[in-house]
Amino acid sequence: MFTPRGAGNPPAVRRDHERDQCRSARVAPGPGRSPSGLFDAVLLDRDGTLIEDVPYNGDPEKVRPVPGAREALDRLRAAGLRLAVVTNQSGLARGLFTHDELRRVNARVEELLGPFDAWQICPHGERDDCACRKPAPGLVHAAARALGTSSTRCVLVGDISADMNAAAAAGAAGIMVPTPATRAAEVAAAPTVADDLPAAVTQILDRIGLVTAPGPSPRRGTVLVVRSDAAGDVLVTGPGIRAVAASAERVVLLCGPRGRIAADLLPGIDEIIEWPLPWIDGNPAPVDPGGMRALTDRLTAVHADEAVVFTSFHQSPLPLALLLRMAGVPRISAISDDYPGSLLDVRHRVPVGVPEPERALSLAAAAGFALAPDDEPGLRLRAERLPPAPAGPGEAGYVVLHPGSSVETRACPPELATRIVRVLDAAGYRVVVTGGPGERELTARVAAAGGLDLGGRTGLGELAAIIARAGALVVGNTGPAHLAAALGVPVVSLFAPTVPFGQWGPYRVPTVRLGDAGAACRDSRATRCPVPGHPCLSAVEPGRVLAALRLLGVPADVPAGPAARFAGPPRGPAVTATGGVAR
């Protein structure tokens, strides 16, 4: 707890992770939700983001706002978003300025930029081992509590990786506004980048606008929704499907064979049609005219009043839209950069880089569907659909390592995975190694370093049941990461940069990203590693995975030596103020 109890400080807000129990059931309501459910609050770093960075400044006369700061903040205030400052001020610990001098500097910031709803300040030094100094997530959690919301409903704007890492570790969104002092590697690893503070504010408001339906959703009849791709792709479409289900009498999902098992776990779906689409599948069979006629007949039999075709950013909805027209579907909505002619009634466009769940939700909003009032945009599963977890892992709190992937570039190199297990085991963590039937040799090799081998013993449902009881998941950018996000389980993401992290990273769940974000394979969408040795991940030191677990607050089961000590509470409280200047 980083917000001291006392006058002016609201009590901590608890967000329970309840699950949908039936199609009509939604999700646990969030505290004080905004109309879109996306963001309630914007958290801002102080030095370098709101004001020019003057190292260890204790003089209010040296406070200079960055260009356009006041106008940008007023736009956020006008939109009903609450504002907080989250700032490291190690100058206090170093004795370079006093608490009173800090208060006067912050008073000058408010005089020039307007009031903030809360200030959260870490007064500790780098070696103080506190839990509030960014990149630790303590200040983000404290600000969310002070503002009466949850960290997942906040976006943090900052200028260095410590800001972005603190946001990610708390499950918040992050937008980096680089300065000349920001390193190129930090910019490459940021989930989202803006040129300046006004541009960051525009991004925030645009993202809210994208997922906000224009008005209350009228009741609809039968709606056919489509997401024909792998399991992870189906999972990230969940918020958009739930938005459709909030107003539809009946929802029918068309998906491919690779996504069917994920579709079975999603709330909001009444019926599933499994059918491979040759213009979507990565290894497609030849187009069969008879098969296309059979698919058209099957779609006709749905008697859909409309269709919403969800796709990834590199896929076209138009081939299926043609079949849907031939099946008599009167209204079709999809995202399409290509001219659709008469194939689409709602042609939606989305900026590059929007997170995939928000991309799907924005299409639903454009088609006139909004999430239910007690829902929000995170990923969800139907808990009652999860099978029992396989025996063996024991009590909850273990760490799951999933080294494999159906896409070569996204898998954790076996040697690295083996070293990770060895280091975590030595630090007192129980490690469970998971993998599909074709990965038994891999998981046996990795688990031999000190983990429990469940390779080949878990389908997607059983894997979800295993992850649900984990303290964290260590995984590449593959489907299990989205399972963890849907279950609220923290993720150590060994993320290969072949696709953008801000678009495909774990969504609204505490995360630490590891790997070389600026590697040569960046944004290549390569399925086979184009650089020998998989350097974007193979260079990750296992000790960084251990540090990531500690940053996420995942404790070891067995006390270990000083080198593996779990970081405890901060040595002193963060400096906190609500509705005024930090005291």
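Predicted model: local features only at pLDDT ≥ 70, side-chain atom pairs only at ≥ 80, totals over all residues.
Close-up 1. The cysteine sulfur closest to that of Cys 521 belongs to Cys 536, at a distance of 4.2 Å. Because a disulfide is a pair of cysteine sulfur atoms within 2.5 Å, this separation is too far for a bond. Cys 521 counts as buried, with 5% relative accessibility.

**Close-up 2. Cys 122 and its closest cysteine sulfur, in Cys 132.** The two sulfur atoms lie 3.5 Å apart, which is again too far for a bond. Cys 122 is buried, and its relative accessible area is 0%. By the 2.5 Å criterion, the count of disulfides comes to zero.

**Close-up 3. The loop between strand 3 (118-122) and helix 4 (138-146), with Pro 135 and Asp 129.** Lys 134 and Pro 135 are joined by a cis peptide bond, for which omega is about 25°. Asp 129, in the loop between strand 3 and helix 4, is not a glycine, yet its phi is positive, at about 60°. With a relative accessibility of 33%, Asp 129 counts as partly exposed.

**Close-up 4. Arg 508 in the loop between helix 18 (501-504) and strand 17 (511-514).** Although Arg 508 is not a glycine, it has a positive phi of about 55°. The relative accessibility of Arg 508 is 13%, so the residue counts as buried.

**Close-up 5. The pairing of strand 6 (residues 220-226) with strand 9 (residues 306-309).** These two strands pair in the parallel sense, and four bridges connect them. Val 225 has Val 308, in strand 9, as its bridge partner.

**Close-up 6. The packing of helix 11 (residues 289-302) against helix 12 (residues 318-326).** The helices pack at an angle of about 60°, and their axes are 8 Å apart. This angle makes helix 11 oblique to helix 12. The crossing in which helix 11 passes helix 12 is right-handed. On the helix 11 side, the residues that meet helix 12 are Met 292, Leu 295, Thr 296 and Leu 299. Their counterparts in helix 12 are Leu 320, Leu 323, Leu 324 and Met 326.

**Close-up 7. Strand 16 (residues 491-494), covered on both faces.** Val 491 and Ser 493 lie on one side of the strand, and Val 492 and Leu 494 lie on the other. All of these residues are buried. Strand 15 (residues 472-476) runs parallel to strand 16 and is joined to it by four bridges. Opposite Val 492 of strand 16 stands Val 474.

How values were computed
Residues numbered from 1 in each chain as written. Heavy atoms only, no water. Buried < 20%, exposed > 50% of the residue type's maximum accessible area, 1.4 Å probe, protein only. Pairing = 2+ DSSP bridges. Axes fitted to C-alpha atoms, helices over the stretch in contact; angles between N-to-C directions. Parallel < 35°, antiparallel > 145°, perpendicular 65-115°, else oblique. Left-handed = near helix turned anticlockwise from the far one by under 90°. Contact = heavy atoms within 4.5 Å.
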